[in-house]
Amino acid sequence: MMLWILAAVVVAITVLLAYAPLRRSLITPRIYALFKRILPPMSDTERDALEAGTTWWDADLFSGRPDWNKFMALRRPTLTAEEQAFLDNEVRQLCEMVDDWEATQVWQGLPAPAWQFARDKGFLGMIIPKHYGGKAFSAYMHSQVVMMLSTRCSALAVQVMVPNSLGPAELLLHYGTDQQKDYYLPRLAKGEEIPCFALTSPYAGSDAAAIPDTGVVCMGEHEGREVLGLRITWNKRYITLGPIATLLGLAFRVTDPDQLLPADAKPGITCALIPTTHPGVVIGRRHWPLNAVFQNGPTSGKDVFIPMEWIIGGPQQIGKGWRMLMECLAAGRAISLPSASVGTAKLAVRGTSAYCAIRRQFNTAIGKFEGVQEALARMGANLYMMDAARKLSALAVDLGEKPAVISAIAKYHVTERGRAVVNDGMDILGGKGICMGPSNFLARAYQQIPIAITVEGANILTRCLIIFGQGAIRSHPYVLKEMRSTADADQRQGLIDFDAAFFGHMRFTIGNAFRSLWYSLTGAVTAPVPQRASREMASYYRAVGRLSTAFALMTDLSMFTLGGDLKRRERISSRLGDVLSMLYLISATLKRYEDDGHQEADGPYAHWSIQDALDKAQIALVGVLDNFPSRPAAWLARLLVFPFGLPYAAPSDRIGAQVATAMQTHGDSRERLLADTFLADDLRDPVACGELAFGLLSMVDGIEHRLKPAIKSGQLPPIPQSLPEMEHWITNAASQGLMTPEERRAMSDFARYTDLSVHVDDFPPDLNAAADAEQRRRMAPQAQAETA
């Protein structure tokens, strides 16, 4: 009898939940009312931030069931013939015009000829359509240009990327009036106008929605006429290109105390374009960000009157500036800083791997020491994954997406891994890495890497609030629908929409719980794998499917358990964001490996980076479970997600050794890792010298191996290290007929290039202060030309 009663109860509940009209009458109204009561109010700026941009692969990862076939069907990022020609010619020419040491030590800026070349050749108008005189390059091409410039000089990369990122050109393209576009875009494309965009205030940095700068709607005089406009007061800092800008993009908050705007207008954050020659505009002196010499500084103004037509998009765009900024930042953040960080990492990996191969200690190349190999493995594998994420994120923009969450992941994790690459490089270089001078290829990168960590949303903020905080609402299949339904003015329609979203959410959560347990018990052997997947990568697709399901389950459990308090539990939301980020980085790496044609030689890079990311993802999940406030919920989740403990291991020493060996081996694999970087043809460049020596290493090793019997018998002395002794040793060997003329040249060149590569600079007692001052005096006309 009890079984029949229990069965009847289960059937009754099932019918009640399945039959929508009955459910909406008896259950949904109570849950709906509870949601409306406990859901924290959302400001307009919060709503704009949440709804800005689009969802893409992040939504698949949030679903717990990523569609791998759809993902793998995405085209491989490629350049057009025109773009490739520009990269091979103009970009390389520009790199050749700049020496990073002289730019930072002598000129404190870019040489005027290089800056003029960049303006004349259209570098500042890469995103502007051709009918306005721009290049109309793809996002991927924009990324390629920034990456290559970053392998030469950080100031060069920054001053080119900023006009093509968040700023006047992009805002005009999306929101400007026809008149504004027709006037400004051709001038920006030709470099006749130098743009900057002023957003950050001293007391509203990361909290840009709290902008204190105000524009009061009033009547004022402009060009001899009294017109409706804005009287603006602002104080901004950290404005890149600000000291040399001719056109100031400005974000401020509009107020209308006298109600001069139409009744339907909604004053708020607004964006305007102001010529820097306009009366009242103050361009301050320069900031000096960690010895980087890109132009950056403050700007201010007090009671500066501008007409309404200077608002980007015209008066109808008053109060819509925050959404404009969020939409455009989503795309720019996906390209600029990830590309610059990858360029810096490629410079570090190229220079350090060659140095490890040619530099000897204890008569052994230092790259053969296991401690050095451990650091090299991290460098090479991190770079492989960073570059994969860069390419995939740029592809998203080219496909028409404005990937708010993905751009935050790319910015945070690529810049952080860039920092790790540079730090490992510095550890390997040792004393050479800490002594400044033109022979040190890594010191400036080491100094300046925190800049990328800090700008376009400080990384702590990005990790704690944006990646998961925005993603949990924006990318989740049901949460935003539930929130929108509770805000619906039509109560009846809101209830219907909430019912569909809430009970869809319930089915979604229960499905993920069962699937998570199934994957845990079976090792995810039934998890989907794309049709075009290579066999050696199949287990990784299944692992992502398993962790994606576990992530979706933990996301829902966290939201149901913590509710609005999850927003303040930053450690938990950060760890959940780490899981999502690792899944995205693994996806990008898998796609890169497949797009490159399953190159077996690249396998160590892919295996190491993916295994490392899987390990980090599971550790992040454990961190959530260990610190979850509801212990029964944490116990249940652990049973569903990790019933047998952690399933994934960190990369083995064997794979790390394979990565380190690949980095020190000439061939296509190393070239693919370092593709599209600038390499100088100049013996004054330490990286160029290292590559020349590295290119001869195989031949030199063969010669030395052949001469070992002669050394052992005493016919030749042991191979020396210093250049003068090495030259004498080579002459001795050649005079005995032990080397051909070709081999003698190779050995001599190798010794000379190696000596130049390991050289450490020294200076007079004043560290060249007097000589640099004299050179600056002679170069003053160039410096003045740059700021003109």
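Visitor: Which residue takes a positive phi in the hairpin of β2 and β3?
Guide: In this predicted model, that residue is E223, with a phi near 55 degrees. Two residues lie between the strands of the hairpin.

Visitor: What makes β2 and β3 a pair of strands?
Guide: Pairing needs at least two bridges. Strand β2 (residues 214–222) and strand β3 (residues 225–240) are joined by nine. Take V217 as an example: its bridge partner in β3 is L230.

Visitor: How do you know that β3 also pairs with β7?
Guide: By the rule of at least two bridges. Nine bridges join β3 to β7 (residues 296–307), therefore this counts as a pair too. The direction is again antiparallel. On this side, K236 has T299 of β7 as its bridge partner.

Visitor: What does UniProt place at residues 83–192?
Guide: The unreviewed UniProt entry puts the feature "domain: Acyl-CoA dehydrogenase/oxidase N-terminal" there. In the model, that stretch is 65% helix and 0% strand. Its end C-alpha atoms are 23 Å apart.

Visitor: How is the chain divided into domains?
Guide: Domain 1 covers 39–70 + 476–648, domain 2 covers 71–77 + 332–461, and domain 3 covers 686–758.

Visitor: How do you know that domain 2 and domain 3 are in contact?
Guide: Contact requires heavy atoms within 4.5 Å. By that test, 15 residues of domain 2 are in contact with 14 residues of domain 3. The domain centres, taken over C-alpha atoms, are 33 Å apart. About 1200 Å² is buried between the two domains, 62% of it on carbon and sulfur atoms.

Visitor: Which three residues supply more than any other three of the area that domain 2 buries against domain 3?
Guide: R350, I358 and R360. Together they supply 48% of that area.

Visitor: Why is the meeting of D701 and R360 called a salt bridge?
Guide: The limit is 4 Å, from a side-chain nitrogen of Lys or Arg to a carboxyl oxygen of Asp or Glu. Here the N to O distance is 3.8 Å. That is within the limit, so the pair qualifies. Between domain 2 and domain 3 the count is three salt bridges. The interface also has three residue pairs in polar contact, with both residues at pLDDT 80 or more.

Visitor: Which helix gives the largest share of the side of domain 2 that touches domain 3?
Guide: Helix α15 (residues 336–358), with seven residues.

Methods: Residues are numbered from 1 along each chain as its sequence is written. This is a predicted model: local features need pLDDT of at least 70, side-chain atom pairs count only at pLDDT 80 or more; totals for chains, interfaces and linings use all residues. Side-chain values use heavy atoms; hydrogens and water are left out. Helices (H or I, at least four residues) and strands (E, at least two) are DSSP runs, numbered from the N terminus. UniProt positions are given in the numbering used here, feature names are shortened, and annotations may be inferred rather than shown by experiment. Domain bounds come from an automatic or database domain assignment. Buried area is the accessible area (1.4 Å probe) that two parts lose on being put together, summed over both. A polar contact is a pair of N or O atoms within 3.5 Å; within protein, one must be able to donate a hydrogen and the other to accept it, and residues adjacent in sequence count only if both atoms are side-chain atoms.
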